[in-house]
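Trainee: I want to know what stands behind the terms used for this model. Can we go through them together?

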Amino acid sequence: KYFRTPFGTEGARIRQRLVALIPDSKFISWSVDVEDYLWALSPTPEKQLDAFKRDIGKAGNLVVMHYLYPSTVEYPGQFIELAKKPGKRLMRVDQCLEDPDAPLLTSLALKNLNIHVATLPYSLKLAS
């Protein structure tokens, strides 16, 4: 239902194909890029934290991360703490889009979110 285009490239052809395959689908875009594709395998993977801070500072609110890199999978706890400092809270994309079919996020699920954030099959939205 939710589709993040590769490289954030969205065009008429992609829209037409997606709607033909998945009616009522929605494109989502990110505004916080941890740049794991640049830094995860480098000698300075901690630069992912710098990229996260930079984009949060620009009012970024939807994070894109790739679970392919071990260093990226290690950082979500720090990303969460950095996001909480300015008062942001974690939400699933479906909740941010106020999807009426979105399952409720219980306090237990929210507690577990801090542990499993790297393995979630969707992006996380940071709301103020």
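Mentor: We take the core, one of its residues, then a pocket.
Mentor: This is a predicted model, where local features need pLDDT of at least 70, side-chain atom pairs count only at pLDDT 80 or more, and totals for chains, interfaces and linings use all residues. Residues are numbered from 1 along each chain as its sequence is written, and side-chain values use heavy atoms, without hydrogens and water.

Trainee: What makes the 10 residues a nonpolar core?
Mentor: A nonpolar core is a set of buried Ala, Val, Leu, Ile, Met, Phe, Trp, Tyr and Cys residues joined through side-chain atoms within 4.5 Å. Buried means under 20% relative accessible area (1.4 Å probe, protein chains only). Val32, Val34, Leu49, Phe52, Ile56, Val63, Tyr75, Phe79, Leu82 and Ala83 form the largest such core. Helices α3 (47-57) and α5 (76-84) each supply at least two of its residues; a helix is a DSSP run of H or I, at least four residues.

Trainee: Which residues does Val34 touch?
Mentor: Contact means heavy atoms within 4.5 Å. Leaving out residues up to four places away in sequence, Val34 touches Trp39, Gln48, Ala51, Phe52, Val63, Val64, Met65 and Phe79.

Trainee: What classes line the second largest pocket?
Mentor: Its lining has 5 nonpolar, 1 polar and 2 charged residues.

Trainee: How much of the chain is buried?
Mentor: Buried residues make up 36% of the 128 residues.

Key:
Ala, Val, Leu, Ile, Met, Phe, Trp, Tyr, Cys and Pro count as nonpolar, Asp, Glu, Lys and Arg as charged, and the others, Gly among them, as polar. Buried means under 20% relative accessible area, exposed over 50%, partly exposed in between (1.4 Å probe, protein chains only).
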